[in-house]
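Subject: Structure handover

Hello,

Here is the structure for your files. My notes on it follow below.

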Amino acid sequence: MAKITLDNLAHSYLPNPTREDDYALKELNHDWADGEAYALLGSSGCGKSTLLNIISGLLHPSQGRILFNDRDVTMEPTTQRNIAQVFQFPVVYDTMTVRDNLAFPLRNRGADPAYIKDRVQQIAQMIGMEEMLNRKARGLTADAKQKISLGRGMVREDVNALLFDEPLTVIDPHMKWELRTQLKSLHHEFGHTMIYVTHDQTEALTFADKVVVMYDGRVVQIGTPQQLFETPEHTFVGYFIGSPGMNVLDAQVTGDQAVVAGTQISLGKGFGTPKGKVEIGVRPEFTALAAGDVGLPVTIKRVEDVGRHKIVRADFHGTEINVIAAEGEGISPDMNRIVFDTAGVNVYSDSWRVAPMGA
Ligand code: ADP
Ligand code: MG
């Protein structure tokens with residue numbers, strides 16, 4: 001197991017990158033703690049696979065270094081890095097049996113046959129393939145083959161890190177949950193450093209201790225699910241995580257007051273005078289409907305009952321504001337204002353969060 005250090009790392013697929021836009025991965029400095037489970041979350045094309053492949057050695061970065069436990073591995077090939085990687089689509093040996101596929105990484109390392117036998121049995125149980133151990137991989141469904149790939153990724157206990165690149169894409173939905181749970185228990189049992197790439201926030205939030213959110217080639221925040229929820233460091237994090245995401249509104253901010261399209265609201269904390277494009281962000285969970293003359297004037301467009309609560313879609317000068325209301329809460333026609341719980345208001349300057357004064 002290893003701590004992974006990304007030192008001044010950046011990558012461009014172009015031979016002579018000049019502008020920042022030429023980089024698929026913008027400059028990055030991070031320590032990823034030994035034994036922690038990370039999810040790498042972001043929309044398609046934001047650079048997740050690029051970063052993962054640099055860590056595994058499939059790709060050499062155009063700039064910077066990768067260290068495993070402070071040892072520079074930047075120029076080392078994948079085989080010397082002692083990691084296991086599972087990809088989006090199955091990589092299995094068709095002519096081998098399921099058993100031999102699972103045993104392969106262990107045999108390759110010269111493990112003891114008795115140990116191999118036990119370990120393969122254990123892994124087969126985890127991926128639910130005990131009954132198929134003697135079958136050839138050829139002819140199995142894509143779903144089954146991907147489970148073999150996952151099993152092969154998990155079979156070695158002595159790896160520096162386990163890397164997963166959207167591994168459950170071809171797995172059917174009910175098995176997804178099952179396998180994710182298995183991966184989590186594997187992490188608890190062996191304490192491997194794990195990096196799990198996904199574009200699905202639910203997958204990321206349920207799997208990981210820490211979620212690394214990427215946007216446009218940049219890591220915009222590394223945090224616990226709670227930190228991503230309460231203090232999104234970038235408006236993208238607020239918008240991407242949550243259902244629905246954070247409400248973001250243009251504002252002028254001075255001290256502890258904001259003016260949003262002519263309406264003044266109190267922020268509860270001081271923010272000085274933020275520069276650039278200033279916005280406030282408030283999650284629907286910290287937003288409520290009210291009747292009267294306090295708050296932002298809105299028109300209710302739609303109320304969606306999603307079971308546990310209601311989502312109210314309101315219009316504020318052409319911008320949608322979402323409110324989460326309790327299941328039993330009555331919504332009356334005279335509710336024409338939106339008020340914020342100041343505990344949940346964040347201020348942004350050029351999309352980055354401004355820390356409140358005294359914080
Ligand atoms: P993700 O895994 O988050 O979907 P990728 O890391 O695959 O994103 O891609 C990041 C960016 O780099 C994208 O704009 C993609 O088109 C580009 N890219 C990825 N692989 C290559 C490649 N082999 N050659 C050139 N451009 C690439
Ligand atoms: Mg990818």
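Before the rest, the conventions. This is a predicted model, in which local features need pLDDT of at least 70, side-chain atom pairs count only at pLDDT 80 or more, and totals for chains, interfaces and linings use all residues. Residues are numbered from 1 along each chain as its sequence is written, chains are lettered from A and ligands numbered from 1 in the order in which they are written, and side-chain values use heavy atoms, with hydrogens and water left out.

**The chain as a whole**

The chain has nine helices and 23 strands (DSSP runs numbered from the N terminus: helices are H or I with at least four residues, strands are E with at least two). Along the principal axes, its C-alpha atoms fill a box of roughly 75 × 50 × 35 Å. Of its 359 residues, 50% count as buried (buried is under 20% relative accessible area, exposed over 50%, partly exposed in between, with a 1.4 Å probe and protein chains only). The chain exposes about 16,500 Å², and carbon and sulfur atoms supply 50% of that area (Shrake-Rupley method, 1.4 Å probe; for residues, only the protein chains shown count as cover). Among contacts between residues at least 6 apart in sequence, 66% join residues at least 24 apart (contact means heavy atoms within 4.5 Å).

**Ligand 1**

The residues around ligand 1 are Tyr13, Ala24, Ser43, Ser44, Gly45, Cys46, Gly47, Lys48, Ser49 and Thr50 (near means that a heavy atom of the residue lies within 4 Å). By class, this shell has three nonpolar, six polar and one charged residues (Ala, Val, Leu, Ile, Met, Phe, Trp, Tyr, Cys and Pro count as nonpolar, Asp, Glu, Lys and Arg as charged, and the others, Gly among them, as polar).

- Gly45, through a backbone N or O atom, at 2.6 Å
- Ser49, through a polar side-chain atom, at 2.9 Å
- Gly47, through a polar backbone atom, at 3.1 Å

Taken alone, ligand 1 exposes 560 Å², of which the protein buries 53%.

**Strands E11 and E15**

Strand E11 (residues 247-250) and strand E15 (residues 278-282) pair in the antiparallel sense over four bridges (two strands pair if DSSP finds at least two bridges between them). E11 has a covered face, made of Asn247 and Leu249, and an uncovered one, made of Val248 and Asp250.

Glu279 lies in strand E15. Does Glu279 count as buried or exposed? Glu279 counts as buried, because its relative accessibility is 9%. Leaving aside neighbours within four places in sequence, Glu279 is in contact with Thr235, Val248, Leu249, Asp250, Ala251, Asn346, Val347, Tyr348 and Ser351.

**A three-stranded sheet**

An open sheet of three strands has the order E16-E21-E17, with antiparallel pairing. Its edge strands are E16 (287-290) and E17 (296-297), each of which pairs on one side only. Four bridges join E16 to strand E21 (residues 337-340), and Thr287 stands opposite Phe340 in E21.

**Backbone points to check in your viewer**

Ser243 and Pro244 are joined by a cis peptide bond, with omega about -5°. Pro244 is in the loop between helix H9 (235-240) and E11.

Asn69 has a positive phi, near 45°, in a residue other than glycine. It is in the loop between strand E4 (63-68) and strand E5 (71-72), and is partly exposed at 41% relative accessible area.

Glu166 also has a positive phi, of about 45°, although it is not a glycine. The place of Glu166 is in the loop between strand E7 (161-165) and helix H6 (173-190). Glu166 is buried, with a relative accessible area of 13%.

**One exposed loop residue**

His317 lies in the loop between strand E19 (309-316) and strand E20 (319-326). With a relative accessible area of 57%, His317 is exposed. His317 and Val86 are 231 residues apart in sequence and 48 Å apart in space, C-alpha to C-alpha.

Regards

Terms used:
Polar contact = N/O pair within 3.5 Å; in protein donor to acceptor, adjacent residues only side chain to side chain.
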